[in-house]
There are 2 protein chains.
Amino acid sequence: MYNISGESTMVNYPNGKKSTWAHSTASAGGRGMALEKDINKSNDSYLSQDIAVIHKKPTPVTIVKVDYPNRAAAKITEAYFKIPSTTDYNGIYKGRYIDFEAKECASRTSFPLKSIHLHQIKHLDSVIRHGGIAFVIVRFVEYDETWYVEASRMIEFYSTASRHSIPYDWFRKNGILIPASYIRPVDYLKIVDRLYFSKGGTTSDGS
Amino acid sequence: MYNISGESTMVNYPNGKKSTWAHSTASAGGRGMALEKDINKSNDSYLSQDIAVIHKKPTPVTIVKVDYPNRAAAKITEAYFKIPSTTDYNGIYKGRYIDFEAKECASRTSFPLKSIHLHQIKHLDSVIRHGGIAFVIVRFVEYDETWYVEASRMIEFYSTASRHSIPYDWFRKNGILIPASYIRPVDYLKIVDRLYFSKGGTTSDGS
C-alpha cells in the first residue's frame, strides 16, 4: 500500500530486551526503551550544556504495599503500573514551556491511535491553549526514522479520524525527520528552533 | 529564640497516617501528605477551570522485579524509592513555565536545609536562568501557615548558609503567605499573579 523500498536490518527493537527491562525505570510494558534512552541522552546533553531543562517524568506506579526491612530503606513489595495522566516529557527551552510524548512504532505501515491515550491528547491540547510548545515524537523502528509532529496536527487527526491508526505516509506529509548525532540521538530542539525561533536568536547548537 | 506566641492545636500532621500512606502514591517516606493533597486539589481546580496546567510528577521509584500473574497486568514485586532529580511540580501558566518544590516542616523554629536536595536547588536555579518561574512552598504545620518563597531567595540562602536550617523568622521576612479556599487550599497562583502578572492581564480567579 505504501511504497517503501529497502529491507530493514534494525535489530535493537526492545522485544529482545524483555527479560532485562524490569531492571530499569522502564515505561509500562517495556516498550519504547531505545527511543526513551535516546531522548534521555539528548536531554542530558541539553542540560549539561545549559541549553534546555527537559526531563522525562518518572513512570507512574500505584504503590500498594511497602516493607521496612530496616530503618534506612523502604522496600516496595506490591505496586502496579498506572496509566499516565500527562505526557512523559516536559521542561523549559528559551523561556518557553515544552511538552511532548514519545512512542516507538513496530508497524511498517501505520501508527495505532491507541498508542497515545485520549487524555494525553487532551493534555497536549491544553498546553497549546496555554501558550506552550507541544509535539509528539514517533519512531518507526523498522525504518529507523524518528519523526517530529506538531501536537496540533496529531490532535486534528485524532478528532477527525474514522480509522484506528495513522498511516505511515501521513507522517511523511505532516512530520519532520529529527536529526541524530552521537551525543544527541534525537536532536528535537533543532526542529523546535526551526519552527519557533527561526527569526533571530540562537539555535540549540549555539549557531 | 523566635518570638512565636500561641499554642497549636493542629492534629493532621501525617505521623498519624503512617499505616495508610503506602496505599496511595505518596512521596518517599510518606512525609508531606496533607500539603501534597492540598496542592493537588488546587491544581485540579486550576486545570478544570482551564487556568493552568500544573501537575505533580509521579514519585520516582527504581523497579527491580516485575511478575506477570496474567497477561493483562504486570505486578511490581520489588522496587525502591529514589531521590528525585528535579522538583515535584511543574507546568504552564499564562504561557510561562512554572516549577516548584513543596515541603512540610514539623519544626516550630526552623526549616532543615536537607529537606530540599542540592540538585533540586540547582534545578530551580536552571529554571530561573532559562526564563521560568521557580519557587518553593513550605508549610509550617504547627502554625498552619503555607509560605510561598521565590526560588532565588532560597538559592541565595543555600549558597551562603553557615547553618543547617532556615529560621522561621526568615520566612516571615522573605516569604508570602499563600491564601487558602475550600476549592483551592493552596492558591499559590494568586502570589504568582501578584509577582509576575500584576500589571494588566487577568488574575488566577478571573478578576
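**Note on aromatic pairs, chain symmetry and helix packing**

1. A search of the whole structure finds 31 aromatic pairs over all chains; rings of Phe, Tyr and Trp (its six-membered ring) pair if their centres lie within 6.5 Å. The rings of A:F140 and A:F171 have centres 5.1 Å apart and planes at 75°, so this pair is edge-to-face (planes over 60 degrees apart; under 30 degrees counts as stacked and the rest as tilted). The pair links distant parts of the chain, since A:F140 lies in strand β7 (residues 133–140) of chain A and A:F171 in helix α4 (residues 168–174) of chain A, 31 residues apart. Helices (H or I, at least four residues) and strands (E, at least two) are DSSP runs, numbered from the N terminus.

2. The model is predicted: local features need pLDDT of at least 70, side-chain atom pairs count only at pLDDT 80 or more, and totals for chains, interfaces and linings use all residues. Residues are numbered from 1 along each chain as its sequence is written, chains are lettered from A and ligands numbered from 1 in the order in which they are written, and side-chain values use heavy atoms, with hydrogens and water left out.

3. Chain A is superposed on chain B by a rotation of 180° with 0.0 Å of shift along its axis (RMSD 0.0 Å), by least squares on the C-alpha atoms of residues with pLDDT of at least 70 in both. That is the relation of a two-fold axis. Of the interface residues of chain A, 100% are also interface residues in chain B, so the copies meet through the same surface; contact means heavy atoms within 4.5 Å.

4. In chain A, helix α2 (residues 118–129) and helix α3 (residues 151–160) pack at about 135°, with axes 10 Å apart. Axes are lines fitted to C-alpha atoms, for helices over the stretch in contact, and angles run from 0 to 180 degrees between N-to-C directions.

5. Which residues of α2(A) meet α3(A)? A:I121, A:L124, A:D125 and A:I128 meet A:A151, A:S152, A:M154, A:I155 and A:Y158.
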